[in-house]
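Subject: The structure, and what is in it

Hi there,

Here is the structure I promised to pass on. Please have a look at it first, and then read my notes below.

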Amino acid sequence: MARRPSGLLELPAYEGAIHIARFYLDRAGQAVRRLEKRGDDEALHDFRVSLRRLRTNLQAWEPYLATAVSTKLRRRIRDLAASTGSGRDVEVHLVWLDAQSADLSLAEKAGFEWLRSELETLREDGYARAVEQATTRFRKLDRRLRKRLARLEMAALGGGLNEGARFAEAVEHVLPDYAQRLDTLLSRVHSPGDVREGHRARIRAKHLRYVLEPIADDVADASRLVTRLQELQDLLGDLHDAQLLSAFVADLGRPANDPARTDARAGLARISGWLARDQATLFQRLRETWLGDRSAEFFADIEDLREELGSKDASEVEIERKYLLTGLPPFLVDRSSREIAQGYLPGSRLQERVRRVRWEGEEWYVRTVKVGSGIRRVELQEDADRSLFEVLWPLTSGRRVAKRRYRVPEAGLIWEIDEFTDRELVLAEVELPSEDVAPEVPEWLEPYVVREVTGDAEYINVNLAC
């Protein structure tokens with residue numbers, strides 16, 4: 001079994017991300033070999049989970065791996081993981097069903113056997129397809145990704161990446177986004193019927209857990225937070241499994257499916273009742289442990305961990321340079337980007353900004369106040385929820401901008417390219433560790449630079465807002 005990486009925090013961010021990627025590639029490869037030998041009931045599950053952890057971490061550390069990992073490659077990992085899902089999901093349903101069989105009456109056995117037969121057929125079909133996908137597509141993907149990671153390591157030796165952000169800073173940077181999205185999704189779960197919202201919250205809990213796991217041995221309380229997320233994930237997972245099986249039973253019991261199976265109706269009705277009971281019980285546990293203000297302590301602990309990873313005072317000072325571009329560099333067109341809508345509240349000396357960010361199917365909200373001008377400014381920022389955003393947003397009427405943001409790592413710095421979608425304007429910004437650092441414009445960006453506009457009032461966002 002591959003050993004989980006540790007001691008990542010002081011490594012360059014790109015190097016920590018590479019260690020994690022290789023670890024999960026190793027884990028997935030081990031699971032594939034177990035699959036080929038047959039007879040290992042957990043091999044498919046371990047393969048699927050390794051791919052999901054791999055994809056989450058590639059996405060989280062995208063700014064530091066961008067030259068090695070494209071959006072297209074991440075989609076291939078996602079699709080391969082998804083192709084293994086049906087067999088494993090049905091296996092979970094069968095385990096639950098067998099646990100209930102002793103409580104069925106003789107008259108209800110026919111429904112049980114019919115349902116079990118249907119699930120077993122689905123399981124066999126799903127497993128056969130999954131094994132074939134795992135053993136062919138994974139090896140090709142594995143070779144390609146390892147080759148790209150190796151090339152990134154070689155390029156880093158001469159590119160200054162070792163002098164850039166540490167992995168601790170990378171974790172500190174992503175934690176607020178991941179935690180805010182989980183908090184927002186949990187706030188939308190109000191009843192067992194909120195299937196989509198509950199499932200999305202489960203996925204987000206998984207993502208946050210996968211980001212924390214590699215540092216669980218190196219940061220106080222990180223392991224406890226991982227355990228809490230595992231508990232939430234299991235609770236939401238059990239609820240989702242019950243919802244899926246309930247829908248399957250309801251569909252199976254419709255007369256049109258098999259008019260001759262009237263003997264099965266009683267058993268299916270009994271099973272539906274059990275599933276409804278389980279959903280109510282699981283949701284009550286969710287309400288008592290996570291919903292409302294019951295998750296406040298957990299999210300406060302996440303913030304404490306974030307502050308432990310970096311300097312809070314330093315994060316409140318923004319040192320950046322800004323450049324006017326002739327257009328968007330073409331290689332960015334197919335890259336992942338964030339859709340940003342931001343508006344400014346009325347004020348003269350104090351400029352407060354509210355922002356909505358959409359990225360890969362999720363959205364979150366931020367309030368920001370900036371003080372100062374030029375290369376160095378103080379930035380005070382906090383997360384907001386949707387309800388507060390909706391109250392403040394109308395107040396920004398006539399003072400808004402909309403843009404698409406791309407993030408690209410270069411020589412230890414992160415370049416942010418903003419393509420405004422409400423006008424013809426493209427700007428590049430780079431945040432610096434100190435005012436003494438003079439960034440070298442990357443080769444891919446240089447042909448598009450018109451001039452530096454740091455401190456130029458015409459290109460400050462609040463002045464662009466209309």
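Predicted model: local features only at pLDDT ≥ 70, side-chain atom pairs only at ≥ 80, totals over all residues.

Residues are numbered from 1 along each chain as its sequence is written, and side-chain values use heavy atoms, with hydrogens and water left out.

**The overall picture**

The protein has 14 helices and nine strands; helices (H or I, at least four residues) and strands (E, at least two) are DSSP runs, numbered from the N terminus. Of its 466 residues, 49% count as buried. Buried means under 20% relative accessible area, exposed over 50%, and partly exposed in between, with a 1.4 Å probe and protein chains only. Taking contacts between residues at least 6 apart in sequence, 72% join residues at least 24 apart; contact here means heavy atoms within 4.5 Å.

**The core**

The largest nonpolar core holds 79 residues, and Trp61 and Leu212 touch the most other members. Helix H1 (residues 13-37) gives the most to this core, with 13 residues. Such a core is a set of buried Ala, Val, Leu, Ile, Met, Phe, Trp, Tyr and Cys residues joined through side-chain atoms within 4.5 Å. Another core, of 18 residues, lies apart from the largest one and has Val90, Phe112, Leu268 and Ile271 among its members.

What does Trp61 touch, leaving aside its neighbours within four places in sequence? Its contacts are Ala17, Ile20, Phe167, Ala170, Val171, Val174 and Val211.

Leu212 sits in helix H8 and is buried, with a relative accessible area of 0%. Not counting residues up to four places away in sequence, Leu212 touches Leu175, Leu225, Val226, Leu229, Ile302 and Leu305. The C-alpha atoms of Leu212 and Val171 are 8.2 Å apart, although the two residues are 41 apart in sequence.

In helix H8, 13 of the 18 residues are buried, so H8 is largely enclosed by the rest of the structure.

Two packed helices are described by the angle between their axes and the distance between the axes. Helix H2 (residues 43-60) packs against helix H8 (residues 195-212) at an angle of about 80 degrees, with the axes 9 Å apart. Axes are lines fitted to C-alpha atoms, for helices over the stretch in contact, and angles run from 0 to 180 degrees between N-to-C directions. H2 and H8 are therefore roughly perpendicular to each other; angles under 35 degrees count as roughly parallel, over 145 as roughly antiparallel, 65 to 115 as roughly perpendicular and the rest as oblique.

On the H2 side, the contact is made by Val49, Arg52, Arg53, Thr56, Asn57 and Ala60, and on the H8 side by Lys206, His207, Arg209, Tyr210 and Val211. Sorted by class, this contact has four nonpolar, three polar and four charged residues. Ala, Val, Leu, Ile, Met, Phe, Trp, Tyr, Cys and Pro count as nonpolar, Asp, Glu, Lys and Arg as charged, and the others, Gly among them, as polar.

Thr56 of helix H2 is buried, with a relative accessible area of 6%. Beyond residues up to four places away in sequence, Thr56 touches Tyr178, His207, Tyr210 and Val211.

**A few more residues**

- Arg4 is in the segment before H1 and is partly exposed, with a relative accessible area of 32%. Leaving aside neighbours within four places in sequence, Arg4 is in contact with Phe23, Glu213, Ala216 and Asp217.
- Arg116 lies in helix H6 (residues 109-159). Is Arg116 buried or exposed? Arg116 is buried, with a relative accessible area of 19%.
- Asp221, in the loop between H8 and helix H9 (222-252), has a phi near 75 degrees, a positive value in a residue other than glycine.

Best wishes
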